[in-house]
Amino acid sequence: MLTTPEILAQEERLVDWADRRLARGGQDLGVAGDDELSGPQREVASAVAGSRELVLVVGPAGAGKTTALAPAIDQLRVEGRVVFGVAPSAAAAEVLANEAGLASDTLDKLLIEHRLQRPPDHRYDLPAGATVVVDEAAMVATPRLAELADLADRRGWRLALVGDPLQFSAVGRSGMFGHLIDCYGAIELDRVHRFVHGWEREASLQLRRGNPDVLAAYDHHGRIHGGSRRRMEEAVVDAWWEARSRGERAAMMAPTNESVVALNHRAQAIRGQAGEIDLTGPSVEVGSYRLHVGDAVATRRNDRELRTDRGLMVKNRDRWDVLVVHHDGALSVAGRTGTVRLPADYVTEHVELAYAQTSHANQGRTVDRSFLLFDGPGDTRSVYVPMTRGRHSNEAFVVVEGEETAQDVLAQALARSWIDEPAIARRAELQQPETVRGEGDGDGRLDPARLREFIEREHEINSMLSTAEQRVILFGEQVERATGRKAELAARLSAAKDHRDRAQAMRDQFDRPLVRRLHRLELMRACGDLNQAQGTIRESVAELTEVEGRLPAIETSLAEAQSTLRDRPSLERERHGIRRKLDRDLSSRASSIADDLPDHMLDRLGPRPEGGAARDLWDEAASRLDQHASAFDVSHDYRHLGQSWRREATAIAVSARAVSQACERLDRSLGRAPAIEAPGLELGL
């Protein structure tokens, strides 16, 4: 890893800055309307509305961060305290403004206003004590974050950094948001609200952690498809077209610009065939595209001089429909912010078709249905982000080759994590004693005891988080139901008591010697009503007592699960460090095996292919076999061992499954039946 003293110094200043601010503490403040928030959402709202100088918030996709921010923003305004929002992109700033009701702009604009030799514009001239909410904080480059920290100190602003370090990071040097969370913790929004289907809420969190086992759930629900490039491109566009025809908001995305261009051409052609756009009419050639009246386009550069008829600026990644293609190459377009004429030079440089966009461009976007064309190398983020954009469904269309399956390709991506790690974090790791780092050999290979310790700890973290996530969903729903039922029973009891009192009064009125005979029917009705009301009261009291009796236990279980998830940022950072060591161990083993092919490995896997993807899969299978055998001291004779591991949830079973899956991928790539059994659990040397 290459770095410079200047980079290290900048990152160290950021850590010192955060340490000072967090050490000074502050008071949280209750906000109006927080009864409708979940526990962590309420905690976020109270912290942002309070007096802490620095608030760190982690919000997975669909966890309701803007829902949590909105009441805090309202509370700050009620108290006459200034609050302003910034984000790395104009599109993200617009989402923050619309969903949280917060005046917002890009972070760059705020910083530039305070770099100039003149006083900043009044909109950005925030007073001391103002609260600046930074959304998508994980996408803020380290130099920008450092500049904002210095500016906040000079101006006396509070900062609330909100983001998800497990989504896409900034282009350029970044990773400090995740590092601060790792060092100091954060308030974590632990319940996902975006998805219509309950299974997908839990599955999205498993996907976020890179757990390949969750792919089975997506496949079971028909969300994963595989095939050739041509078939997958056609399938993505057909699915998008069907959703669009139903009036749903749909997003097509792909990891590379080349694939995005291909999808855009197909989408434009299908619209032309349907008569929605006239492909023979006026048009303008722009880069890889020819734009026509009716086309959906995106602007790719912020331009504060270009204003719509509503006075709003043209922003990067704004979406528009083409109204007119002018003779000089200019376009008149209409979008959510109004209509505007884009000059020819702007069109040539900064306009493109927008039926499909890159996965990175869609971060922060929410639609009804999301369709991902996955056609190349990627990591957890390249699967997690696009597969969490849709409320109703998220589907992956995976380009496969040979005998590999779509799940194989996605599993390999989930096994990778291309986190931009700050230099100080890597330095701290390298400065640890070798025994602490767990690097038994200089080449990164781990000794057996340390290897097993890391595998078991990784499994422990995954199990802790998975169990806590499930419990938060389960007990959260139980608390909501019990609380709702308690309110219903209280209302029912109150109504029954009123009904009883009225019936009692009527009975007392007519149950007298001189009146009883003349009002026999009224008296009978009053007695019946009284008995019914008393029965309802008894039933309501009994059920209310039962609900009130079990509610504290449920709330305690929910609080325990939420407490575990509050440690998730640091646990996930620890898990990432462990995974990095285990991956280096695998790489070292693969190199050693390739240099001196062991007979037992050749017997189990067959000859090592000469090159290409098959050789990579052979190396992966061999290194996983060797790692598993070393960690758990199991025999190299795998062929006749049982497969009870398939039903187990232990660390050794997880390791065995990883070996089996690697071997199955190799077998499929070579077009052969499974050649070996998975490594067993029960036999040692």
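**Contact between domain 1 and domain 2**

Five salt bridges are counted between domain 1 and domain 2 in this predicted model. Across the interface of the two domains, nine residue pairs are in polar contact. On the side of domain 1 that touches domain 2, the elements giving two or more residues are helix 4 (90-100) and strand 3 (104-106). Helix 4 supplies the largest share of that side, five residues. By residue type, the side of domain 1 consists of 11 nonpolar, four polar and six charged residues.

The domain assignment divides the chain into domain 1 (5-188), domain 2 (198-415), domain 3 (448-568) and domain 4 (597-670). A distance of 29 Å separates the C-alpha centres of domain 1 and domain 2. Their contact involves 21 residues from domain 1 and 20 residues from domain 2. Between them the two domains bury about 1,700 Å², of which 51% is on carbon and sulfur atoms. The residues of domain 1 that lose the most area to domain 2 are E94, L166 and F168, which together account for 38% of what that side buries.

N264 is part of helix 11 (residues 257-273). With a relative accessible area of 0%, N264 is classed as buried because this value falls under the 20% cut-off. The side chain of N264 is in polar contact with the side chain of Y289, at 2.9 Å. Leaving out residues up to four places away in sequence, N264 touches Y289, L353, A354, Y355 and A356.

Notes:
Residues are numbered from 1 along each chain as its sequence is written. This is a predicted model: local features need pLDDT of at least 70, side-chain atom pairs count only at pLDDT 80 or more; totals for chains, interfaces and linings use all residues. Side-chain values use heavy atoms; hydrogens and water are left out. Helices (H or I, at least four residues) and strands (E, at least two) are DSSP runs, numbered from the N terminus. Buried means under 20% relative accessible area, exposed over 50%, partly exposed in between (1.4 Å probe, protein chains only). A polar contact is a pair of N or O atoms within 3.5 Å; within protein, one must be able to donate a hydrogen and the other to accept it, and residues adjacent in sequence count only if both atoms are side-chain atoms. Contact means heavy atoms within 4.5 Å. Domain bounds come from an automatic or database domain assignment. Buried area is the accessible area (1.4 Å probe) that two parts lose on being put together, summed over both. A salt bridge is a side-chain nitrogen of Lys or Arg within 4 Å of a carboxyl oxygen of Asp or Glu. Ala, Val, Leu, Ile, Met, Phe, Trp, Tyr, Cys and Pro count as nonpolar, Asp, Glu, Lys and Arg as charged, and the others, Gly among them, as polar.
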